[in-house]
Amino acid sequence: MSTRYTKEELEEYFFEALAMFNDVLESDITSENVVLDFFTPANGLAVYKRFCEKYFSDKYEKQHETENYFEFIAAEAFVGNRLYGVLIRSDIDFSLSEVLLTFLHEISHLFCTRNEIESGDFFDRYCMQSGEEDGYYNAGYAVWREAVADIMADSIMSEYATMKLEMAADEIQNCYNHISRQDSEAKKYISLIIVYVMTSEEVVGTEDWNVAEKAITSKINIGNNILREILKLVFEKLHQSQFWKITPEFIRELGLLCIELIVYRTFENSRIE
């Protein structure tokens, strides 16, 4: 059941989610070094500007000025030199479990941004330019950062995977159908496919890619070799110790595959039309 919450309740639930996270990973994120603020779609840009000016002056992004930008986000994470921050939508109407999952997703972003490379913040180091290599890094990082945050949040909320691949098959197919150069959300759909697959009962239950691949092939009616390579790459990464630690080589390889998949799907869609 969805509901509405007071700001005090949302703050309480945020720190409850943080306690859940720290029980698993023991991060350096605490109530002492996290600042929270609240927005609605109507005042989102003003709150965002104020928040950045006060705490994260180097994190302001022009894309937030896009019309209706704040209609489509429930929360957003920020990482500074010594401070963490999260903007939270105050009129969120999720169920409590969805609220906790949303907060765990953002906390995962905080943790990964700080810990993914030795100096922290892969995006600032590798994704801020406009060359060809940076395009690969941007694509790979965009897909990875959302997928890994979802996967971490899901694993903390649920001790055991409960969704079978066949239950997610329609959603996976829908995401696959949206992958195209014409769809600005193409990378998001690739990320969602990764999450559906990697959090499924069949895939969580094995450390052997061959076993996982057989389950995926038998339950998901998508015979795309590029997508299979993406899933294999991510599966193998998730089975490494400290899987949240990434390298430029890994992100570049993932980015190359994602761009290749988007191009392939664009031509595939044009042939169908």
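Biologist: Which helices each supply at least two residues of the lining of the second largest cavity?

Modeller: They are α3 (96-115) and α5 (132-157). This is a predicted model, so every value here is computed from predicted atoms. The lining consists of H109, C112, T113, E116, Y141, W144, R145 and V148. The largest share, 4 residues, comes from α5.

Biologist: What makes this space a cavity?

Modeller: A cavity is a set of points where a 1.4 Å probe fits but cannot get out. The second largest cavity holds about 40 Å³ of space. The count takes cavities of 30 Å³ or more, and there are 2 of them.

Biologist: How do you know which classes the residues of that lining belong to?

Modeller: Tyr, Trp, Cys and Val count as nonpolar, and Glu and Arg as charged. By class, this lining has 4 nonpolar, 2 polar and 2 charged residues.

Biologist: What is known about the largest cavity and its lining?

Modeller: About 120 Å³ of space lies in the largest cavity. It is lined by 13 residues, and I216, I222, L227, R228 and L231 lie nearest its centre. Two or more lining residues come from each of α7 (186-198), α9 (209-219) and α10 (225-238). The element that gives the most is α9, with 4 residues. By class, the lining of the largest cavity has 9 nonpolar, 2 polar and 2 charged residues.

Biologist: Why is the aromatic pair of F122 and Y137 called edge-to-face?

Modeller: Rings pair if their centres lie within 6.5 Å, and planes over 60 degrees apart count as edge-to-face. For F122 and Y137 the values are 6.2 Å centre to centre and 80° between the planes.

Biologist: What parts does the pair of F122 and Y137 tie together?

Modeller: F122 is in helix α4 (residues 122-126) and Y137 in helix α5, so the pair ties together parts that are 15 residues apart in sequence.

Biologist: Are F122 and Y137 buried or exposed?

Modeller: Buried means under 20% relative accessible area. F122 has 0%, so F122 is buried. Y137 has 13% relative accessibility, so Y137 counts as buried too. In the protein chain, buried residues make up 49% of the 273 residues.

Biologist: Which residues do ring pairs link into a cluster?

Modeller: The cluster contains F39, Y48, F51, Y55, F56, Y60, Y69, F70 and F78.

Biologist: How do you know that the charged end of K188 sits over the ring of Y189?

Modeller: The rule asks for NZ of Lys within 6 Å of the ring centre and within 35 degrees of the ring normal. The charged end of K188 is 5.1 Å from the centre of the Y189 ring. K237 lies over the face of F250, at 5.7 Å from the ring centre.

Biologist: Why is the protein chain called as compact as a globular protein of its length?

Modeller: The chain has 11 helices and 3 strands. Its radius of gyration is 19 Å, close to the 19 Å that the globule rule gives for 273 residues, so the chain is as compact as a globular protein of that length. Along its principal axes the C-alpha trace spans about 50 × 40 × 40 Å.

Conventions. Residues numbered from 1 in each chain as written. Predicted model: local features only at pLDDT ≥ 70, side-chain atom pairs only at ≥ 80, totals over all residues. Heavy atoms only, no water. 1 Å grid on protein atoms, 1.4 Å probe; cavity = no way out; pocket = protein on both sides within 12 Å on 5 of 7 lines; lining within 4 Å. Points joined across faces, edges and corners; volume = space filled by probe spheres on them. Phe/Tyr/Trp six-rings, centres within 6.5 Å; stacked < 30°, edge-to-face > 60°. Buried < 20%, exposed > 50% of the residue type's maximum accessible area, 1.4 Å probe, protein only. Rg over C-alpha atoms; globule rule 2.2 N^0.38 Å.
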